[in-house]
Amino acid sequence: MNVRRIVERPSPNFDDRPDATPIDMLVLHYTGMTSTEAALDRLCDPAAKVSAHYLVDGDGAVYGLVPESKRAWHAGLACWRGHRGINGRSIGIELANPGHEFGYRDFTAPQMASLADLAFAVLSRHPIPPRNVLGHSDIAPDRKLDPGERFDWRGMADRGIGLWPSATAAEGDALSLLAECGYDTATRQVVAAFQRRYRPQRIDGRLDQETRSLLGGVAAAVRRTA
Ligand SMILES: [Zn+2]
């Protein structure tokens with residue numbers, strides 16, 4: 001798997017990772033800005049205090065902002081599988097896209113291909129299980145929508161990145177299934193975050209029959225790959 005050349009665009013916005021913490025999560029974002037240049041400027045602006053390890057542009061170009069060995073600042077207040085210090089244990093990748101605020105659009109084919117290559121390389125370097133390949137909306141469902149319902153999680157899973165339910169399953173208790181998937185709570189926003197990822201056709205935060213079945217399927221996939 002070839003990762004195309006990475007364009008170095010060093011950001012000052014990082015610090016040391018905590019000791020003895022594995023890098024076991026990959027978090028995907030969109031930039032939510034009108035242009036890639038504006039996003040790169042912000043991710044490199046000391047006053048903004050935000051960053052990511054990489055940014056993948058719409059044309060497939062990959063920018064390297066923060067070394068993987070360092071802690072980038074991309075997750076904010078977040079929780080997954082009971083862990084709250086997400087930046088300390090994750091790699092963060094930004095995808096150029098104006099996002100819901102400025103004209104959300106499809107991710108491009110070159111962008112997705114570059115992301116897949118990059119994610120593959122990241123997964124080869126760190127013990128990140130499929131259940132910990134995440135969207136920002138998974139770990140901060142009350143604040144974040146990215147990378148959003150246009151992101152092809154199923155296609156990524158087909159390439160071996162992250163998980164997708166192979167079948168729906170008889171539903172159990174929705175609250176415990178959501179927890180088993182990794183979500184911190186079971187609010188309407190959490191159900192919406194789950195739907196945004198696994199049933200992007202209808203995101204209403206309701207635990208309907210299909211959502212419950214998908215929930216069972218994802219939890220089963222999590223168990224299988226644990
Ligand atoms: Zn984000």
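In this predicted model, 19 residues of domain 1 are in contact with 19 residues of domain 2. Domain 1 covers residues 6–163 and domain 2 covers residues 165–226 of the protein chain. The C-alpha centres of the two domains lie 22 Å apart. Between them, domain 1 and domain 2 bury about 1600 Å², and 55% of that area is on carbon and sulfur atoms. The size of an interface is often given in this way, as the accessible area lost when the parts come together. Three salt bridges are found across the interface of domain 1 and domain 2. A salt bridge also links Asp 138 to Arg 197, with the closest N and O atoms 2.7 Å apart.

Are His 136 and Asp 146 buried or exposed? The cut-off for buried is under 20% relative accessible area. His 136 has a relative accessibility of 4%, so it counts as buried. Asp 146 has 5%, and therefore counts as buried too.

Pro 147 is found in the loop between H4 and H5.

**Helix H7**

Helix H7 spans residues 188–198, and nine of its eleven residues are buried, so the helix is largely enclosed by the rest of the structure. Among the buried residues of H7 are Val 190, Phe 194, Arg 197 and Tyr 198. What do the buried residues of H7 pack against? Their partners are helix H2 (99–102), strand S8 (133–135), H4, H5, helix H6 (174–181) and helix H8 (209–225). Arg 197, one of these buried residues, is the partner of Asp 138 in the salt bridge described above.

Asp 208 is placed in the loop between H7 and H8. With a relative accessibility of 11%, Asp 208 counts as buried. Apart from neighbours within four places in sequence, Asp 208 is in contact with Gln 195, Arg 199 and Arg 202. Gln 195 is itself one of the buried residues of H7.

**Loop residues**

Where is Asp 106 found? Asp 106 is in the loop between H2 and helix H3 (109–125). Its relative accessibility is 49%, so Asp 106 counts as partly exposed. Leaving out neighbours within four places in sequence, Asp 106 is in contact with Asn 97 and Arg 150. From Asp 106 to Val 190 there are 84 residues in sequence and 23 Å in space, C-alpha to C-alpha.

Two further loop residues have a positive phi without being glycine. Ala 20 has a phi of about 60° and is found in the loop between strand S2 (14–16) and strand S3 (25–30). Lys 49 has a phi near 55° and is found in the loop between helix H1 (36–43) and strand S4 (54–56).

| Residue | Relative accessibility | Class |
|---|---|---|
| Ala 20 | 83% | exposed |
| Lys 49 | 57% | exposed |
| Cys 44 | 15% | buried |
| Cys 181 | 3% | buried |

**Cysteines**

How many disulfides does a search of the whole structure find? The search finds zero disulfides. Cys 181 is in no disulfide, and the nearest cysteine sulfur, that of Cys 79, is 14 Å away. A disulfide requires the two cysteine sulfur atoms to be within 2.5 Å. A disulfide is a covalent bond between the sulfur atoms of two cysteines.

Terms used
Residues numbered from 1 in each chain as written. Predicted model: local features only at pLDDT ≥ 70, side-chain atom pairs only at ≥ 80, totals over all residues. Heavy atoms only, no water. Buried < 20%, exposed > 50% of the residue type's maximum accessible area, 1.4 Å probe, protein only. Helix = DSSP H or I, 4+ residues; strand = E, 2+ residues; numbered from the N terminus. Contact = heavy atoms within 4.5 Å. Domains from an automatic or database assignment. Buried area = accessible area lost by both parts, 1.4 Å probe. Salt bridge = Lys/Arg side-chain N within 4 Å of Asp/Glu carboxyl O.
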